[in-house]
Amino acid sequence: MTFGLPAHPLGRPFPIASLRGAMNRLDPRSPMVFSTLELGRRPGTMQELTRRIEAPEAIGTDVIAVPAGSPLEVGLRLESVLEGVLATGEVRATATGSCVRCLEPVTASVTAPFQELFVHPERVAHHRKTGAVDEQTEEYEVQGDHIDLEPVLVDAVVLALPFQPVCRPDCPGLCSECGARLADDPGHHHELLDPRWSQLTALSSSADADHTQEKRN
Ligand SMILES: [Zn+2]
Ligand SMILES: [Zn+2]
């Protein structure tokens, strides 16, 4: 199991650095921390719950993100298994950003599924001892009677965000000549004259002007 995010083609998901440290300092009052006390340790028991929380910081990229403070609706099923606690569910959120073609604001509803095993500490030690999991691999751990779902939720949301958000699938983007938004002006075009022709046009119009001048005299 690895917990890093894949490189995002349009930018670096920004909240990750803080999460690594947070994994070792679990705060039971954090809205993304869930108690496993009621679930218990008998394999086979299950608990379902929902929780509405606020995104503690923006989740996403420079292009599109769930803004800090906006709601995350978490639907969660906790299952007690031999190794630990299996957390399965989905998180719903609304992301805002800008269209990659025309830069207009974009809003995207995100439904992000997730599933992660939180391993009991003694099982983690056992995995290390038996070599079932190598030293470099970090496992999510049950800490006391709590699991911290924050890194799981953040990963799930980031992966569910559109890589190339567009205001509409057929957004024609911006005019390469003047930068106008083509969707606002479907007939938009520029007369692209060959420079040699434009010189001729200038000559003939000045000739016309001379002609008019002569007539007047
Ligand atoms: Zn657009
Ligand atoms: Zn134009």
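This is a predicted model: local features need pLDDT of at least 70, side-chain atom pairs count only at pLDDT 80 or more; totals for chains, interfaces and linings use all residues.
Trainee: What makes Arg42 count as exposed?

Mentor: Arg42 has 7 C-beta neighbours inside 10 Å, and the limit for an exposed residue is 12 or fewer, so Arg42 counts as exposed. The residue is found in the loop between strand 1 (33-35) and strand 2 (46-54), and its C-alpha atom is separated by 8.0 Å from that of Leu82, although the two residues are 40 apart along the chain.

Trainee: Why is helix 3 called largely enclosed by the rest of the structure?

Mentor: Each buried residue must have 20 or more other C-beta atoms within 10 Å of its own, and ten of the eleven residues of helix 3 are buried, so the helix is largely enclosed by the rest of the structure. Among those buried residues are Leu153, Ala156 and Val157, but also Glu150 and Asp155. For the chain of 217 residues, the share that counts as buried is 23%.

Trainee: Which residues touch the most other members of the largest nonpolar core?

Mentor: In that core of 36 residues, they are Val91, Leu153, Ala156 and Val157. At least two residues each come from strand 4 (64-66), strand 5 (71-80), strand 6 (84-98), strand 7 (105-119) and helix 3 (150-160), and helix 3 gives the most, with seven residues. In soluble globular proteins, nonpolar side chains tend to be buried together.

Trainee: With what is Val157 in contact, once its neighbours within four places in sequence are left aside?

Mentor: A contact requires C-beta atoms within 7 Å, and by that test Val157 is in contact with Ile59, Val66, Val91, Ala93, Val110 and Ala112.

Trainee: How do you know that strand 5 and strand 6 pair, and how do they run?

Mentor: At least two bridges are required for a pair, and eight bridges join strand 5 to strand 6, which run antiparallel. Within strand 6, Val91 is the residue that stands opposite Val74, and a hairpin of three residues joins the two strands.

Trainee: How many bridges join strand 6 to strand 7?

Mentor: There are 15 bridges between these antiparallel strands, and one of the residue pairs is Ala87 with Glu116 in strand 7. The two strands form a hairpin with six residues between them, and Leu103 in the turn has a positive phi of about 70 degrees.

Trainee: Where is the predictor's confidence lowest and where is it highest among the elements?

Mentor: Helix 1 (residues 16-22) has the lowest mean pLDDT, 42, whereas strand 5 has the highest, 98. The chain averages 83, and 77% of the residues score at least 70.

Trainee: What contacts does the model have for residues 1-23, and what for residues 212-217?

Mentor: Over residues 1-23 the pLDDT is below 50, and this stretch has 32 contacts in the model beyond near neighbours in sequence. Over residues 212-217 the pLDDT also stays under 50, but there the model has zero contacts beyond four places in sequence.

Notes
Residues are numbered from 1 along each chain as its sequence is written. Chains are lettered from A and ligands numbered from 1 in the order in which they are written. A nonpolar core is a set of buried Ala, Val, Leu, Ile, Met, Phe, Trp, Tyr and Cys residues joined through C-beta atoms within 7 Å. Helices (H or I, at least four residues) and strands (E, at least two) are DSSP runs, numbered from the N terminus. Two residues are in contact if their C-beta atoms, placed from the backbone, lie within 7 Å. pLDDT is the predictor's confidence in each residue, from 0 to 100.
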